[in-house]
Every structure is written in C-alpha cells, then in structure tokens.
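Thanks for asking me to look over this one.

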Amino acid sequence: MTLNDIQVGQAVEITGIGGLSTVAAGKLMDIGFVPGSIAVLIRVAPLGDPIWLKIKGFQLCIRRQSARHILVKEI
C-alpha cells in the first residue's frame with residue numbers, strides 16, 4: 001500500500017520509500033518521510049493533487065506522484 005491509496009483522516013505508518021533515485025528518496029526522508037513515522041491525510045486539493053499531510057507534528061503537502069513511492073501500513 002502507498003501513501004497515495006489512503007483516505008482523508010486515515011493514519012498510517014511509513015514503512016519505506018521505493019522506486020525513486022537515492023537523491024529523490026533522500027529528499028523525502030529529509031522532510032520527515034522516514035520509516036516508523038506516522039502520517040495522517042488531512043486534505044486533498046479540489047482536483048486531487050496535491051495532498052496535505054500531518055507528519056511529525058507539522059503539515060506539508062506533496063504531489064500524488066511522490067506519494068505513490070511512499071510505502072505505508074495501516075495502524
């Protein structure tokens with residue numbers, strides 16, 4: 001399951017990042033997408049992209065294209 005598959009209000013645990021270059025995966029990890037972190041989907045933009053998340057106590061938005069590479073599991 002990926003971060004792109006979750007619904008608004010759902011909390012998940014990050015398990016890894018796959019299918020990206022080391023540099024791109026490192027950038028996602030730098031902003032908080034590290035294994036073991038809890039992410040909650042707060043909102044989806046009207047046209048479906050980007051998505052707003054709460055992770056490690058702060059809110060951020062990412063594109064769905066990036067969310068497809070972030071592996072998660074339900075908690």
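The points below go from the whole chain to the sheet, the core and then a few single residues.

1. A word on the source before anything else: this is a predicted model. Please read every value below as computed from that model.

2. Let us begin with the overall fold. The chain holds 2 helices and 5 strands, and in sequence order these elements give the pattern β-α-β-β-β-α-β. Its C-alpha trace extends about 30 × 25 × 20 Å along the principal axes. The radius of gyration is 11 Å, and a compact globule with 75 residues would come out near 11 Å, so the two agree.

3. Of the 75 residues, 32% are buried. Among contacts with a separation of 6 or more, 53% link residues 24 or more positions apart.

4. Now the sheet. The 5 strands make an open sheet with antiparallel pairing, and their order is E4-E3-E2-E1-E5. E4 and E5 are the edge strands, each with pairing on one side only. On average, neighbouring strands are turned by 45 degrees against each other, direction ignored.

5. Two strand pairs deserve a look in the viewer. E1 and E5 run antiparallel and are joined by 5 bridges; Val12 has Glu74 in E5 as its bridge partner. E3 and E4 are also antiparallel, paired over 5 bridges, and here Leu53 stands opposite Leu60 in E4.

6. Which residues touch the most other members of the largest nonpolar core? They are Leu3, Ile14, Phe33, Leu53, Ile62, Ile70 and Val72, out of 16 residues in that core. At least two core residues come from each of E1, E2 (38-44), E3 (51-55), E4 (58-62) and E5 (70-74). E3 gives the most, with 3 residues.

7. Leaving out residues up to four places away in sequence, Ile70 touches Met1, Thr2, Leu3, Ile14, Gly16, Leu28, Phe33 and Ile62. Two of these partners, Leu28 and Thr2, are taken up in the next points.

8. Leu28 sits in helix H1, which covers residues 22-30. Is Leu28 buried or exposed? Its relative accessibility is 10%, so Leu28 counts as buried. Apart from neighbours within four places in sequence, Leu28 is in contact with Ile17, Leu20, Phe33 and Ile70. For a distance check, Leu28 and Ile6 are 22 residues apart in sequence, with 18 Å between their C-alpha atoms.

9. The segment before E1 (11-17) contains Thr2. Thr2 has a relative accessible area of 15% and is therefore buried, as the cut-off is under 20%. Beyond its neighbours within four places in sequence, Thr2 is in contact with Ala67, Arg68, Ile70, Leu71 and Val72.

10. Asp5 belongs to the segment before E1 as well. How does Asp5 count at 42% relative accessibility? Asp5 counts as partly exposed, because that class lies between the limits of 20% and 50%. Asp5 and Leu71 are 66 residues apart along the chain, and their C-alpha atoms are separated by 9.8 Å.

11. Two backbone features are worth checking by eye. As background, most residues other than glycine have a negative phi, and most peptide bonds are trans. The peptide bond from Asp49 to Pro50 is cis, with omega near 10 degrees, and Pro50 is found in the loop between E2 and E3. Lys56, a residue other than glycine, has a positive phi near 55 degrees.

Note on methods:
Residues are numbered from 1 along each chain as its sequence is written. This is a predicted model: local features need pLDDT of at least 70, side-chain atom pairs count only at pLDDT 80 or more; totals for chains, interfaces and linings use all residues. Side-chain values use heavy atoms; hydrogens and water are left out. Helices (H or I, at least four residues) and strands (E, at least two) are DSSP runs, numbered from the N terminus. Buried means under 20% relative accessible area, exposed over 50%, partly exposed in between (1.4 Å probe, protein chains only). Contact means heavy atoms within 4.5 Å. A nonpolar core is a set of buried Ala, Val, Leu, Ile, Met, Phe, Trp, Tyr and Cys residues joined through side-chain atoms within 4.5 Å. Two strands pair if DSSP finds at least two bridges between them. Axes are lines fitted to C-alpha atoms, for helices over the stretch in contact, and angles run from 0 to 180 degrees between N-to-C directions. The radius of gyration is taken over C-alpha atoms; the globule rule is 2.2 Å times the number of residues to the power 0.38.
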